[in-house]
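Hello,

Here is the structure you are taking over. My notes follow below it.

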Amino acid sequence: MDWGTDLWDQYDVIDKHTQSGLDLMDRYIKFVKERTDIEQNYAKQLRNLTKKYNKRGNKDDQDCKYSNHAAFQEILKELNDYAGQREVIAESMTTTICTELIKHLQDLKVERKNHLLDVKKAQQNLDTAFKHLETIKKRSAKEWAEAEKATLQAEKIESDTNSTKPDVDKAKQHANVRTHIADECRTDYAAELQKYNKEQKSHYYSEIPQILNKLQDMDERRIRILAEKYCRFSEIEKNVLSIITKCLDGITAAGKQIDEKKDSKLLIEQHKSGFERPGDVEFEDYTQGVKKAISESSLNPPKVRGKLRLFGKKHKAQSEDFSHLPPEQRKKKLQAKIEEISKDLQKTQDQSEALDKMKGVYEQTPQMGDPASLEPQILETSQKISRLKGELNKYETWLSDIVGGEESPSTINNNSQHGNDNSQNIYTSFEEDFDDIPSPIGHCEALYTFQGNSEGTVSILEGELLTIMENDKGDGWMRVLKGNGEEGYIPSSYVKQTA
């Protein structure tokens with residue numbers, strides 16, 4: 001490109017422009033970093049919010065049977081997934097914009113510095129050549145002044161009548177020598193001047209314009225890089241919009257799935273008393289002169305009404321067999337208690353069986369442990385099993401009094417069968433603890449492509465089948481194992497569980 005005649009003014013302009021461009025790139029890097037901080041803080045606050053309002057505990061689990069309670073829990077889950085997408089945005093901006101721009105900025109600064117050094121070196125070479133030319137020029141002028149002086153002196157001696165011929169010849173010879181020396185200096189000056197003019201022409205028409213063009217190319221590359229990152233800033237958010245939209249659609253779907261009629265019926269079913277409604281009060285005829293005894297039917301209604309009051313006082317003492325409750329509620333409480341004791345009994349039986357097998361291992365392989373050290377635990381579990389069986393039998397008897405003795409035997413049989421099925425699993429888990437090898441907990445399929453650029457993450461492709469090694473613990477990430485043996489973390493909202 002033709003920069004004109006005043007190259008140094010043009011150089012000063014483009015140098016300031018390139019510096020301004022590098023400052024802009026640095027400002028954009030800081031801007032993106034602050035944007036990622038905002039996204040990360042936003043995601044963190046959303047996760048804390050969902051964690052705060054996420055229900056836990058038996059009472060909350062009971063409430064989640066109602067569609068309006070379950071919908072709110074689904075909304076919290078979708079919002080937690082939404083927070084995960086904000087984290088993906090922050091991570092992508094950090095890796096694909098900030099990190100890359102920082103490297104480009106460092107390279108451009110080094111390149112600009114080298115160009116400035118080339119300009120400085122070229123100018124120093126030209127200044128050195130000019131100083132050398134001035135030195136030769138001054139020497140040539142001095143020699144010509146000496147030659148002229150010698151010539152005048154020779155003419156003066158020659159015109160002096162008192163001068164001898166040897167003096168005149170000597171003066172002329174000296175003048176000729178000085179003139180010859182002056183001619184040589186003049187020739188050197190002319191050659192050096194030609195050389196300097198050539199170097200000056202190369203400096204202003206070749207070297208400096210080439211450096212200016214390199215600075216121009218560097219600045220154009222900077223602009224292209226910056227333009228790409230401007231577009232990338234938008235593309236990163238567009239890439240997760242489909243997932244964010246699904247999260248928002250999930251929130252809408254949760255609201256639409258609420259069934260108020262179903263919730264009301266469920267509430268009634270759970271809390272109906274089982275008492276029959278009171279009959280009509282009989283008419284008492286006092287004209288017969290015989291005072292009739294108060295019938296039981298006239299006494300029942302107040303009791304029933306007392307039990308049916310929505311806001312009656314609570315019983316101060318509750319019996320162990322729940323006899324203070326209405327029949328239907330008592331039945332449900334007894335069934336829940338039997339189920340709770342059965343699970344505890346099954347767990348204790350599994351522990352006892354595992355201890356027996358461990359004792360057998362110790363007896364066969366003494367170096368692994370002392371069998372006698374397990375005796376206190378075996379005795380404790382045996383006593384606990386006896387106590388739980390007694391409690392289970394007691395509650396099953398109370399339940400059989402209500403349902404006619406039909407459910408109690410089946411409950412016992414089901415629990416016993418369940419125990420036989422799970423005992424081997426408990427021992428298997430016990431053996432796995434010795435191996436200390438993590439086991440897969442499920443399988444999933446990738447819904448979207450994810451580039452795992454940061455440490456600890458792994459890249460996945462849409463439709464890829466994965467093995468789940470660790471579930472989402474509330475932070476929006478889960479650990480998976482790929483088919484090629486590669487293992488790492490991915491966003492939990494990028495996959496769907498298959499098994």
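**Cavity and its surroundings**

The largest cavity lies between domain 1 (3-256) and domain 3 (442-498), because both domains give residues to its lining. Please keep in mind that this is a predicted model.

The count is one cavity of 30 Å³ or more. The space in the largest cavity is about 40 Å³. Its lining is made up of V88, E91, S92, T95, F450, Q451 and N453. By residue class, that lining has two nonpolar members, four polar and one charged.

Two further residues, T96 and I97, are worth a note here, both placed in helix α3, which spans residues 67-159.

T96: buried or exposed? With a relative accessible area of 13%, T96 falls under the 20% cut-off and is therefore buried. A polar atom of the T96 side chain lies 2.5 Å from the backbone oxygen of S92, and S92 is one of the residues lining the largest cavity. Apart from neighbours within four places in sequence, T96 is in contact with K229, R232, I236 and N453. N453 is also among the lining residues of the largest cavity.

I97 has a relative accessible area of 0%, so I97 is buried as well. Setting aside neighbours within four places in sequence, the contacts of I97 are Y28, V32, S92, K229, R232, F233 and I236.

Regards

Methods
Residues numbered from 1 in each chain as written. Predicted model: local features only at pLDDT ≥ 70, side-chain atom pairs only at ≥ 80, totals over all residues. Heavy atoms only, no water. 1 Å grid on protein atoms, 1.4 Å probe; cavity = no way out; pocket = protein on both sides within 12 Å on 5 of 7 lines; lining within 4 Å. Points joined across faces, edges and corners; volume = space filled by probe spheres on them. Nonpolar A, V, L, I, M, F, W, Y, C, P; charged D, E, K, R; others polar. Domains from an automatic or database assignment. Helix = DSSP H or I, 4+ residues; strand = E, 2+ residues; numbered from the N terminus. Buried < 20%, exposed > 50% of the residue type's maximum accessible area, 1.4 Å probe, protein only. Polar contact = N/O pair within 3.5 Å; in protein donor to acceptor, adjacent residues only side chain to side chain. Contact = heavy atoms within 4.5 Å.
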